[in-house]
Amino acid sequence: MMTCFPDASDWTCPSPLAGVKMIPVNEFRSITSEQNPQFRVLKPWWDVLSEYLGIAMLMIGVFGCTLQLTQDKISCLPNRFTDLSGGDRDCSHLRQDKENESLWEFAITKHLAPNVVEVFGRKNGLDIHQYEFVNHFCYERAVHWYGKYFPYLVVIHSMIFMVASSFWFKFPGTSSKIELFVIILGKCFDSPWTTRAISEVYEERREERMVVWRKNTMTKSDDNAASPIRSSIKSVSDQTSSEATASLLDKKEGEQAKALFEKVKKFRTHVEEADLLYFMYVLQTALKVFKFALITVYSVALVPNIQIVVMCSVPPDLTGFAAFCCNYNKAHLFSKLAYCYICLVGVYGLLCVYSLYWLFHRPLKEYSFEAVRLETGINDIPDVKNDFAFLLHLSDQYDALYSKRFAVFLSEVSECRLRQLNLNHEWTADKLRARLTRNAGERLELHLFLLPGLPDTVFEISEVESLKLELISNVTVPGIISQLTALQELVLNHSPAKLQLAALSHLRENLKVLRLGFEGPEQVPLWMYTLQSLEELHLSGALSTELSRSPALDSLRELKNLRVLTLRCKLTKIPPSVVDVSGQLLRLCIHNEGTRLQVYNSLKKLGNLSALELTGCGLERIPSAVFSLSLLQELDLRENRLTAVEEILSLQHCRRLTVLKLWHNDISCVPEHISKLRALETLDLSWNKIRKLPPRLCYCTKLRHLDLSHNQLSSLPSEIGVLQCLQFLSVAFNSLESLPEELFSCKRLQVLALGNNSISSLSPRVGNLAQLIRLELKGNRLESLPAEIADCVSLRLAALVVEDGLMDLLPPDVKDRMKHR
C-alpha cells in the first residue's frame with residue numbers, strides 16, 4: 001500500500017519499503033533452538049515438528065513487528081461528503097472491491113513529458129502537520145486493538161510455546177538428570193563393549209545352531225561324505241575364534257566400559273525413585289494445549305476486526321473537518337497473516353493433543369526389555385520404571401536402537417563378561433604362575449585374594465594342585481577347569497562359587513580336598529554334597545543363626561570317600577549329618593570358638609574314628625562318648641575348661657591312643673593312673689597350671705614327644721630317665737631351679753627346651769645327648785655353660801639358644817667345633 005502526501009505544488013509518494021530494516025532471525029536463535037544438540041534423542045517427532053511450527057509462527061510475528069515499526073500505520077483524509085456544519089460521516093461508499101487501488105483516485109493525469117506526470121486533485125487546505133496529527137489520533141482511536149497489536153501477540157505467544165517446549169531441559173530439578181542420561185546414553189551407544197557383548201551372544205547362538213546342524217548332518221551322511229563337512233565346520237569355528245580374538249577390547253576400553261556400568265547403576269538408583277521428569281513433561285504439554293485453545297478462540301473472534309477503511313471522528317476546531325476516512329495500510333496483510341497464524345496454531349495444538357494422548361494412553365512409567373532380551377539373547381536385562389522408563393520411551397521415538405544398546409549396560413551377565421575380560425587382561429598366565437607357592441600340605445598352590453572374579457587364565461596353569469580363592473565375590477567355575485589335571489584341593493574362603501555342569505562333573509571325579517569359609521548356611525553350595533571322590537571337607541562359618549537350633553547341614557551320604565571332616569562353627573551339638581559318613585570317617589575336628597558343645601551322643605556311632613579334635617567346646621571333663629572309640633589314636637582337647645582329668649583312666653579302653661593333647665586348659669594336677677596309657681607316644685600338657693608331675697607318668701615308656709611348657713613346675717621327677725624313647729621335651733616357662741641328672745640319660749633326645757626357668761647350672765652330662773639338634777637355655781640364671789656341650793655331636797652353634805654373654809664365655813675351640821658341623 002502506498003501513502004501520498006501533498007506538498008506545495010504536487011503529491012509526493014515515497015516508496016513503501018523506504019527505510020525498512022528487517023530484524024534478523026538470528027537474534028532469536030537462543031530461544032528457538034536447544035543449546036545442547038544431544039538432547040534431540042529425547043525429542044519425539046511431534047516435538048520436532050512443533051519446534052519448526054514455533055519458528056514459523058515466530059517469523060510471522062517478527063515480520064509483522066518489522067512492518068509495524070518501519071512503515072506508516074494509517075493515512076486519513078477528510079470525508080468529502082462532510083462539511084463544517086456536519087453531514088454524512090459514513091465511509092462505506094469508499095469500500096469497493098478494489099478499494100486499495102481506487103480509494104482516493106480523484107487525480108487527472110496529464111503527460112507533460114515522457115517521464116513527467118502532473119497530478120491534479122481536490123485541495124483540502126490542510127498542511128502536513130495537521131495530516132500527521134490526524135493520522136496518529138485516528139490510529140489510536142479508530143483502529144481496533146487486535147489489528148494494532150497482532151504482531152506483538154504472535155511473538156509473545158510463540159516465545160511462550162518455545163519456552164514451554166524446552167522448559168524441562170532448563171528446570172534445575174530435571175535438567176541435570178536429562179543431561180546425565182543423554183551423556184550416558186551416547187557413551188553406551190558408542191562403546192565398543194556394546195558391540196562386543198551383542199556379538200558374543202550372537203556367536204554363542206550361532207555355535208549352538210551349528211552344533212545342532214552338525215549332529216543332524218553327521219547322522220544323515222556317511223564317513224566319507226562327512227570329512228569335508230567336518231573340515232568346513234572346523235574352518236568356520238577357527239574363523240569365529242580368530243574373529244573373537246581380534247575383537248578383544250584393549251585395557252583402556254575395558255576400563256571405560258566398567259566405569260559406564262557403575263554410572264548406569266547409580267543413575268538407575270537415582271532416577272527410578274521419582275517421576276518428576278514425567279510430571280514436568282505432562283505439565284508443559286498441558287500448558288501448550290491450554291495456550292492453543294485460548295489463542296484459537298480469541299483470534300477467530302477478533303480477526304474480522306482488522307479493517308482496511310475505518311471512520312474517525314476528530315474535533316472540528318483543530319482541522320475544520322469533523323470526520324475523516326482512514327486507510328489502515330497493513331490491514332490486508334495482517335489479516336492474511338492472522339489466518340495463516342491461526343492455521344499454524346491449529347496444527348501445533350493438534351500435535352500437543354496427540355502428545356497428551358500418547359502420555360496417558362501408554363504406560364510410560366514402565367519399560368519392558370522383553371523384545372531386547374529375545375533379540376540379543378541377554379536374558380537378565382531388568383525392566384525399569386518411573387522416570388528411567390519415561391526417558392527410554394522418549395529415546396525409542398528417536399531411534400529404538402539406543403535402548404537396545406543401552407540395555408547391555410543393565411545386564412549383570414554383560415557386566416560379568418566385561419569384568420572377566422578385564423581380569424584376563426590384568427592377570428596373565430605368566431603373572432599367575434609367578435604366584436605359585438607350596439602350602440602346608442606340600443601342594444603347589446595358587447592363592448587369589450580380593451579379585452572381582454576368577455580369571456580364565458587360571459585354567460592355563462595345568463600344574464596347579466591347590467586353588468585358593470579368598471574374598472572373591474563373583475566366582476563361576478567353567479568347564480575348562482578340566483584342564484587343571486593336577487588339581488586336588490579347592491579352597492573357597494568367603495568366595496561363593498557357582499559351577500557349570502562340566503566343571504561339576506570334573507570336580508566330582510577328581511577333587512580330594514575342599515575347604516569352605518562362609519558367613520551363613522545359605523552360602524554352603526549344594527554341589528558340595530555331590531563330590532563323590534572328596535576325602536577331606538573343611539567347613540568354617542555359622543551353620544546356624546540360633547544356637548538353640550540344630551546346625552543346618554544337609555546329608556553327607558553321597559560323600560562315599562570322605563575321611564576327614566573339620567567344622568569351625570559355633571555348634572550346640574554335633575550335626576546329625578556327620579553320622580551319614582560314620583562308616584568311613586577317620587578324623588573329626590570341631591573348633592567351636594568357646595561355645596559349649598552339649599551333646600556328644602553322635603560320637604559313639606563313629607566307630608572307625610582314629611583322630612578326634614574338640615577345640616574350644618567348653619568341656620569341663622572328657623566326654624564319656626570318647627571312651628567307646630576303640631580305634632581312636634589321636635585325641636586333642638585344646639582350649640577347653642578342663643581342671644581335673646581323673647577320668648583319664650577310662651582312656652585305657654582306647655588301646656591305640658598314641659597322641660593326647662590337653663593343652664590350653666586349667667589342669668592343675670595329673671593323675672597317677674595316666675601310666676595306664678601304655679601306647680602313648682605324644683603328650684601335650686602345655687599352657688596349664690600343673691605344679692607337680694607324677695612319677696608314674698614316666699611309665700609311659702613309649703613317649704616320644706612330651707610338652708610341659710607354660711606351667712608351674714618347680715621340679716622334674718628323677719624317673720624321667722626311664723623315657724628312653726623321648727625325642728622332644730619342653731619344660732620352658734616353668735619355675736625349675738635344677739634338672740635331675742637322670743634326664744641326660746635320655747640319649748634319643750633331639751629337642752630340649754629349658755628356657756625361661758630359674759636353672760642356675762647345667763650338668764656336664766649334657767654331652768651324653770649325642771642326637772641333640774636343638775637346645776634352648778635362654779631366660780635362666782646360668783653363669784656359664786659346660787665345655788662338654790661340644791660332645792653333643794649333632795648340635796650346631798646356631799641351634800644353641802642362650803644369651804650372647806654366655807655364648808661369649810664358651811671356649812673358642814668349642815665354638816669352632818659346633819660352628820663347623
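**From a surface patch to a buried strand**

Tyr354 is partly exposed, with a relative accessible area of 36%. Here buried means under 20% relative accessible area, exposed means over 50%, and partly exposed lies in between (1.4 Å probe, protein chains only). This is a predicted model, in which local features need pLDDT of at least 70 and side-chain atom pairs count only at pLDDT 80 or more, while totals for chains, interfaces and linings use all residues. Residues are numbered from 1 along each chain as its sequence is written, and side-chain values use heavy atoms, leaving out hydrogens and water.

Tyr354 sits in helix H12. Helices (H or I, at least four residues) and strands (E, at least two) are DSSP runs, numbered from the N terminus. Together with Trp45, Leu49 and Tyr357, Tyr354 forms a nonpolar patch on the surface. The four have about 420 Å² of accessible area together, by the Shrake-Rupley method with a 1.4 Å probe and, for residues, only the protein chains shown as cover. Patch members have over 30% relative accessible area and no salt bridge; nonpolar side chains (Val, Leu, Ile, Met, Phe, Trp, Tyr) are joined within 5 Å, like charges within 9 Å. A salt bridge is a side-chain nitrogen of Lys or Arg within 4 Å of a carboxyl oxygen of Asp or Glu. Helix H2 (45-70) and helix H12 (331-361) each supply at least two residues of the patch.

Now turn to strand E22 (611-615). Five of its five residues are buried, so E22 is largely enclosed by the rest of the structure. Ala611, Glu613 and Thr615 point one way. Leu612 and Leu614 point the other way. E22 pairs in the parallel sense with strand E21 (residues 587-591) over five bridges; two strands pair if DSSP finds at least two bridges between them. Arg587 has Ala611 of E22 as its bridge partner. E22 and E23 also run parallel, joined by three bridges. There, Leu612 is partnered by Leu635 in E23.

The loop between E22 and strand E23 (634-636) holds Leu629. Leu629 is buried, at 0% relative accessible area. Contact means heavy atoms within 4.5 Å. Leaving aside neighbours within four places in sequence, Leu629 is in contact with Leu603, Leu606, Leu609, Leu612 and Cys654.

At 2% relative accessibility, Ser686 counts as buried. Not counting residues up to four places away in sequence, Ser686 touches several residues, including Trp663, His664 and Asp707.
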